Amino acid sequence: PSAAIPPSSFPIVMSAAAAQSAHVRSVQSHQCRRRVVRKKASRRASMTTSLSAVPVLVNSCAGKMGHAVGEAVLESGNTLLPYSVAGPDVGVDVVNCAGQPIQLVPPEEAVSLITRLKEEHPELIVVDYTVPAIVNANADMYCSLGVPFVMGTTGGDRDALKAAVTASEATHAVVAPQMGKQVVAFQAMMQRMSEMFPGAFNDYTLSVVESHQKTKVDTSGTAKAIVESFRALGVQPFDDDDIELVRNPNDSVDRMGVPETYLDGHAYHTYRLTSPDGTVAFEFQHNVNGRAIYAQGTVDAVLFLHRQLYGKPGGATQKLYDMIDVLEAGVMR
């Protein structure tokens, strides 16, 4: 008998029509891959251009949060301007931020500095991480100068702050007590749950404990916002003053479980809901060590605001934004 012919020896016969169809599919597939590659490259180029084009003034780089934001600005490819408005009690004239010297300017020179920088850098955006006592004064100054800003400082009269931005002629701002994107997402989830299921926790008892570094003098704005959602969910009366503040380092370690390494920069929040008869309990936590999450979120807010103002026809569609707007835009790094 004849030897078996291996399968590879059989001739492959293809009609001219089939060959043409296969060629067309191959060309189309190749073109599609090229379009995808071009689109990805275009997005990368667009992002790189946007990142490298944004001039940022951080007030104040002398503080730990402002310093962290300055480093994040440089790491992201933005332009960190070599100036920063700082209080008179800093004690130094220059600080080093990721290898870049930053000249500290006293508050009485802030208006002239920002006016000059705005002329030199028309797309200037200011980031504010100062202290609660001067939040409103700083916001009023930014509004009077027509400079867009990201307000990361907590405290102050928040209603007056927002009203100042809304009433200003040329100022746009991102104002948020919480700049950590993931924490903001949790905050938004709680807010939307309260809108969708009002009264779901009727008569439940709420307790809130938040631990921060001992230098944080005010109650967490994030805790206040989440408490507001719990109120809408029907918990028993609970005031912002009922939020327990932990600022003693020993308590932060022993009670809240904060690593000693992060005693000078952390945010540990625990929200506990207990049913009226005590048989059911819910507990929500978000624990943050360090400041990187806030610094990175602040840079995203800067880029978002810059895109709203200069990245689309007609410019920004509203005066006041928050971090939920930044999240919903979906353009974070």
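Student: Which are the buried residues of helix 3 (residues 110-120)?

Tutor: Buried means under 20% relative accessible area, exposed over 50% and partly exposed in between, using a 1.4 Å probe and protein chains only. Helices (H or I, at least four residues) and strands (E, at least two) are DSSP runs, numbered from the N terminus. In helix 3 the buried ones are Ala110, Leu113, Ile114 and Leu117. Viewed down the helix axis, they fall within an arc of 90° (taken from the directions from the axis to the C-beta atoms), so they line one face of the helix.

Student: What do the buried residues of helix 3 pack against?

Tutor: Contact means heavy atoms within 4.5 Å. Their partners are strand 1 (55-59), strand 3 (83-85), strand 5 (100-105) and helix 4 (135-145).

Student: Before we go on, what kind of model is this?

Tutor: It's a predicted one: local features need pLDDT of at least 70, side-chain atom pairs count only at pLDDT 80 or more, and totals for chains, interfaces and linings use all residues. Residues are numbered from 1 along each chain as its sequence is written, and side-chain values use heavy atoms, leaving out hydrogens and water.

Student: How many aromatic pairs does the structure hold?

Tutor: A pair of aromatic rings is described by the distance of the centres and the angle of the planes. Rings of Phe, Tyr and Trp (its six-membered ring) pair if their centres lie within 6.5 Å; planes under 30 degrees apart are stacked, over 60 edge-to-face, the rest tilted. There are eight pairs here. One of them, tyrosine 204 with phenylalanine 282, is tilted, at 6.4 Å centre to centre and 55° between the planes.
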